[in-house]
Amino acid sequence: MIPKRYRPAAVASLTAAVASGSLLAPPAHADAVDSGPRKADRETVATFARIADDVLSRRTQALVEDHAGRGDAGTGASTTRMSGRLKKDEDAALRLLSDRKARLAKLGEAYTKADTRVVVERATITGRTATVQVTSSSTLTYKKVRGDEPATTAFSTRQELKLTGTKDGGWKLTTITSRDDGPAAVDEPSAAGVNTIKDDGNQYPDGTPASTEYPTTPMPSGKTGGAYDYSAMARYAERYWSNYNPAYRKFNGAGGDCTNFVSQALKAGGWKPVPGSAYDYRNWWYGSASQSTSWVGVNEWAWFTLSNLRAPNLSSVYKLDVGDVLQVDFDKNGSKDHTMLVTYRNRRGMPYLTYHSTDTVRRSLASILASSPNARYFAYRT
């Protein structure tokens with residue numbers, strides 16, 4: 001039996017939009033231990049949002065070329081008070097992102113501007129400790145190195161912040177942790193978290209890894225017209241990368257929504273369902289009450305597409321074209337972890353990918369390789 005790779009999805013409930021700015025006028029908080037957590041008031045929520053905006057904006061700005069971008073977030077010292085350990089961790093994170101920027105430059109990519117906005121989803125206070133869940137939405141503007149890069153790439157991430165009240169009535173940030181179950185975002189300094197899946201001893205068509213060697217000359221895609229509408233796949237993905245299609249169930253927090261999203265786009269471009277048992281990887285379908293494991297599972301999708309000769313492997317990631325699929329095994333443990341769809345390709349052959357679970361649109365292959373240089377990649381011609 002093919003193992004399931006998902007669980008029932010969970011969603012956040014409370015949202016409160018706030019404007020970004022400098023850290024001002026922190027609210028008073030209780031000195032005594034409360035009987036239980038209480039919701040933060042509006043003023044306190046705004047303070048938490050400014051703290052998150054300050055820290056997360058500095059991460060994104062670290063990827064922007066020098067002397068460019070958003071001045072209020074990218075220059076000068078942080079206005080956020082942090083614990084000693086977190087301060088060291090954030091300084092290290094900014095250095096890692098600066099190194100990533102240098103790797104991107106070698107691949108011919110740079111960003112000229114960064115913009116990050118924060119929404120507080122939930123904020124509770126217990127005694128002198130606050131737990132805050134936020135979503136940050138960021139946009140990076142591509143520098144026109146060759147001239148046909150997309151205008152921007154955008155992504156959404158979710159974090160949980162822990163803060164401790166200070167004696168003067170302010171707040172000190174002690175931890176900030178990603179709540180995403182997808183790959184590391186463009187501005188996420190840590191490696192992607194993965195779930196190790198035990199092999200049940202059966203043999204599956206796992207495919208052949210693709211070369212990531214950067215070509216000295218643009219590689220032709222080799223793609224010709226056929227039965228599928230690749231532009232429709234790309235249009236679907238770029239329409240629903242952030243605003244999910246309500247016609248489909250979501251699997252965020254349940255192993256990730258990445259393959260579910262790519263399956264939707266492939267269907268929009270003409271892929272036909274293969275009916276049968278939901279747990280047989282040779283079948284691929286979505287129904288009103290359930291779906292095949294190959295529709296939502298990263299590995300199962302690969303097994304389906306290779307066993308059905310639906311999408312063969314490519315020898316190089318730089319052969320990917322619009323409508324093609326890229327999968328990643330982040331820790332090379334033999335289990336693929338993430339699925340993405342190419343929605344743009346420039347003249348020099350650089351693919352740009354769109355995906356769910358760390359919702360992202362038009363992220364360059366260069367950025368993905370720079371973030372996870374030691375991963376194993378599988379490219380598919382759809």
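Buried means under 20% relative accessible area, exposed means over 50%, and partly exposed lies in between (1.4 Å probe, protein chains only). These close-ups show a predicted model, in which local features need pLDDT of at least 70, side-chain atom pairs count only at pLDDT 80 or more, and totals for chains, interfaces and linings use all residues. Residues are numbered from 1 along each chain as its sequence is written, and side-chain values use heavy atoms, with hydrogens and water left out.

**View A. E65 and K143 meet in a salt bridge.** Their N-to-O distance is 3.3 Å; a salt bridge here is a side-chain nitrogen of Lys or Arg within 4 Å of a carboxyl oxygen of Asp or Glu. K143 is partly exposed, with a relative accessible area of 35%, and E65 counts as partly exposed at 25%.

**View B. E188 pairs with R59 in a salt bridge.** Here the closest N and O atoms are 3.8 Å apart. Both residues are buried, and together with E90 they are linked in a network of salt bridges.

**View C. D206 and K336 form a salt bridge.** Look for side chains 3.9 Å apart, N to O. D206 is partly exposed, at 31% relative accessible area, whereas K336 is buried, at 4%.

**View D. Y111 and its surroundings.** Leaving aside neighbours within four places in sequence, Y111 is in contact (heavy atoms within 4.5 Å) with residues including L63, E65, L104, L140, K143, V186 and S367.
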